Every structure is written in structure tokens, then in C-alpha cells.
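Please work through the following exercises with the sequence and the predicted model at hand. Each task is followed by a worked solution.

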Amino acid sequence: MSRQENLYIHIYTGVRTEGMTYINPEESFETGQALLDFIYADLSEISLKEDDIAAGMVSIGQIHPYFSHISAEARRLFVDNCMNATYEGSYCIDGLIVLQKRFAGYLEAFVSDGLTEKTIETIGKYRLYSLSQYTMLDGVPMVDHFLMGFEDCLYLELMEIIRCQTLIKICKNCGRMFLPRKSNIDYCHRIFTEDGKTCQDVGYTQTFARTVKNDELLQAYTRAYKAHYARMSKPRKRAGNLSREDFEKWYQEAKDKLGLARSGALDAAEFKEWLKK
Ligand SMILES: [Zn+2]
């Protein structure tokens, strides 16, 4: 076997079902998961040392299922390339960083714009060489793709995401793409704060705080509305009665100010103070 052939891999995808299977049927991944994990992997954390090749090979295996399924020689080649100052190819960490950016761009184009002409032009630049055939895997019809290397593997997953219309959203807290469990989920599960809070924890707390604040503003507004309405409809002898015109004028202004306060354009305390007048 040449060193190049060491990099080939089989991946199975469903004919009518979703999911990516690497060589071994037990190891199946949700479509999109391995690609997203790779795009956002912190490759600077992988340290390769001459005196601990074995540890280096283990950490390479954790980058993506591809690297845990290729042969030990192929992983070794990767580690060697990374430590070889004269190596200029892409089968090394620097090459992977280039791929992270490229595939983040492909996927963002699809997630943000859908399959527009521009998206197709962007992702259509790549040419996938794959020997594919139908096969039965544990009684399930699958497509067996025989791919030449890692980049093909990433591209196949991108094509599967598009084929299966896999729902991918952009996290409203960290801006990274993720696979939501349900379509109404807006935040990812990645750890976001130093004390271990996820984007979902952070996002939920913020939404909750905003809702409470808006409720307070609405309550203050409602109280003031009732008081002003009473001054108009139940004329008393005392000063402080409101004509219908004055009430209407107040009502319009109060409504506008409520909107401004809710959006944050008007200070909440200032708004409440105005309502008391
Ligand atoms: Zn997030």
C-alpha cells in the first residue's frame, strides 16, 4: 500500500435515511455533527512532541471520526508532517485550519441563504471524487462511498446536510452554527462562560430578565392608564380632572414611551417616573 492509499476511507450514508456511518456500523453520527465539531475544534490545543508520538496520535484521532478510522500509519504520517518543518502539503494541522475556514464558509452560505445561485457557486467549486455503490448494512440499504481523503469526507457530509435538509441554526449567543434538538431552540449547548455556563443557560437567563423587566413596565403603564382613565370618566370636583382630549394625548404619549422603554431606548426608571405624573 502506498502512503497515499492509507488516506482512503469508506463512509456509509443512508439511501432514504439520515446519518453518517464510518466503516463500522456501530459508529454512526448524526448528519452534521462531525462537520460542526471539526469546524469549531480548537486545533491549537493539539500539541505534538517528538518524544511523545503516541500521545500525538491519540489527539489526532479525536479531531474527527476520519482520523480515528484511518490506519495507525496514516495517523503517524500526519504527526510526522506536522513536525517536519519542510513539509508543504495540507496533511497537517495547518492544512486542517485552512479546511475549518473553508467549510465554515460553505456551511454558513447554506445556513444563512439556502440553496441560492450564490451558494451553489460557492460550494460547487469543490469536486468530489467518490466511488459509490449501494450495499446492505445490517439489513439497511446504504450508499458505500469510497473516498480519497479527509476533505472529501467533509464535503460528503456537507452534501448530506443539503440532501437531508438538516436543520442547522446560528446560536443567538455565540454566533456559531449548531444542530438544535427542536426548531424553536435558539442557543447551543457549548460552554460559554468560564464558570461553565452554556449558551443555553446564558441565553435563557437574559430572555428571562428581559421578560421580567417588560412585565414591570407593562404593569406600571397599566396602573397609570387606569388612574388617568378614572380622572377622565369619573369627574370629581377637585382639580386633576382630565378632558377626553387630554386623556387621548396622554394615552398616545404613554404608549409611545412604553415601546421606547421596552426596547431600551428610554430609561426604565425615567419612564416609571413620567407615568406617576
Ligand atoms: Zn452558542
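**Exercise 1.** Determine where aspartate 138 is placed and whether it is buried or exposed.

*Solution.* Step one: locate aspartate 138, which sits in the loop between β4 (130-137) and β5 (140-147). Step two: examine its backbone; phi is positive, about 55 degrees, although the residue is not a glycine. Step three: consider accessibility. A residue counts as exposed over 50% relative accessible area; aspartate 138 has 66% and is therefore exposed.

**Exercise 2.** Carry out the analysis for glutamine 165.

*Solution.* Step one: glutamine 165 is found in the loop between α7 (150-164) and β6. Step two: its phi is positive, near 50 degrees, and glutamine 165 is a residue other than glycine. Step three: with a relative accessible area of 64%, glutamine 165 is exposed.

**Exercise 3.** Identify the protein donors of the zinc ion and classify their arrangement.

*Solution.* Step one: the donors are the SG atoms of Cys171, Cys174, Cys188 and Cys199, at 2.3 to 2.4 Å from the zinc ion. Step two: along the chain, these donors follow the spacing C-x2-C-x13-C-x10-C. Cysteine 171 lies in the loop between β6 (169-170) and β7 (177-178), and cysteine 199 in helix α8 (residues 199-233), so the pair ties together parts that are 28 residues apart in sequence. Step three: four donors count as tetrahedral if all angles lie between 85 and 135 degrees. The angles here are 106 to 116 degrees, so the arrangement is tetrahedral. Step four: cysteine 171 and cysteine 199 are both buried.

Notes
Residues are numbered from 1 along each chain as its sequence is written. This is a predicted model: local features need pLDDT of at least 70, side-chain atom pairs count only at pLDDT 80 or more; totals for chains, interfaces and linings use all residues. Side-chain values use heavy atoms; hydrogens and water are left out. Donors are N, O and S atoms within 2.8 Å of the metal (3.2 Å for Na, K and Ca); water is not among the atoms, so sites may look incomplete. Four donors count as tetrahedral if all angles lie between 85 and 135 degrees; four count as square planar and six as octahedral if opposite donors are over 155 degrees apart and all others between 65 and 115; anything else is irregular. Helices (H or I, at least four residues) and strands (E, at least two) are DSSP runs, numbered from the N terminus. Buried means under 20% relative accessible area, exposed over 50%, partly exposed in between (1.4 Å probe, protein chains only).
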